[in-house]
Amino acid sequence: MSASTHSAQEYPHAVDLCAGCGGFSHGLQLVGYNVRAAFEVDPLAWYTYKVHIADHDDMALLSHDVTDVDPE
């Protein structure tokens, strides 16, 4: 059964903490993970991720340091 026949809620969720241009997130998606958020501080890598990954999925792409996020 292909990944497109399942809803996003059936897959495990992931967060990419140092997303770069999105290679790790893309790999996670290929094996069935639902990447819900990604963090990247470099503006060029962030833009590349946005164009190739985040614009096509329902996810949060954040441009600030993950250590600034309140865990609550």
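**Close-up views of a predicted model**

**View 1. Surroundings of tyrosine 49.** In this predicted model, tyrosine 49 is in contact with Asp16, Ala19, Gly20, Cys21, Gly22, Ser25, Val35, Ala38, Ala54, Met59 and Leu61, when residues up to four places away in sequence are left aside.

**View 2. The largest nonpolar core.** Tyr49 belongs to the largest nonpolar core, which has 10 residues. Of the 72 residues in the protein chain, 28% count as buried.

**View 3. Strand β1 and its pairing with β2.** Strand β1 comprises residues 13-16. Ala14 and Asp16 make up its covered face, whereas His13 and Val15 make up the uncovered one. Four bridges join β1 to β2 in the parallel sense; in one of these strands, β2, alanine 37 is the bridge partner of valine 15.

**View 4. Tyrosine 33 and a nonpolar surface patch.** Tyrosine 33 lies in the loop between α1 (23-30) and β2 (34-39). Its relative accessibility is 35%, so tyrosine 33 counts as partly exposed. Together with Leu30 and Val31, Tyr33 forms a nonpolar patch on the surface, and the accessible area of these residues together is about 330 Å².

**View 5. The protein chain as a whole.** The chain contains two helices and three strands, arranged from the N terminus in the order β-α-β-α-β. Among contacts between residues at least 6 apart in sequence, 32% join residues at least 24 apart.

Notes: Residues are numbered from 1 along each chain as its sequence is written. This is a predicted model: local features need pLDDT of at least 70, side-chain atom pairs count only at pLDDT 80 or more; totals for chains, interfaces and linings use all residues. Side-chain values use heavy atoms; hydrogens and water are left out. Patches are made of residues with over 30% relative accessible area and no salt bridge: like charges are joined within 9 Å, nonpolar side chains (Val, Leu, Ile, Met, Phe, Trp, Tyr) within 5 Å. Accessible areas come from the Shrake-Rupley method with a 1.4 Å probe; for residues, only the protein chains shown count as cover. A salt bridge is a side-chain nitrogen of Lys or Arg within 4 Å of a carboxyl oxygen of Asp or Glu. Buried means under 20% relative accessible area, exposed over 50%, partly exposed in between (1.4 Å probe, protein chains only). A nonpolar core is a set of buried Ala, Val, Leu, Ile, Met, Phe, Trp, Tyr and Cys residues joined through side-chain atoms within 4.5 Å. Contact means heavy atoms within 4.5 Å. Two strands pair if DSSP finds at least two bridges between them.
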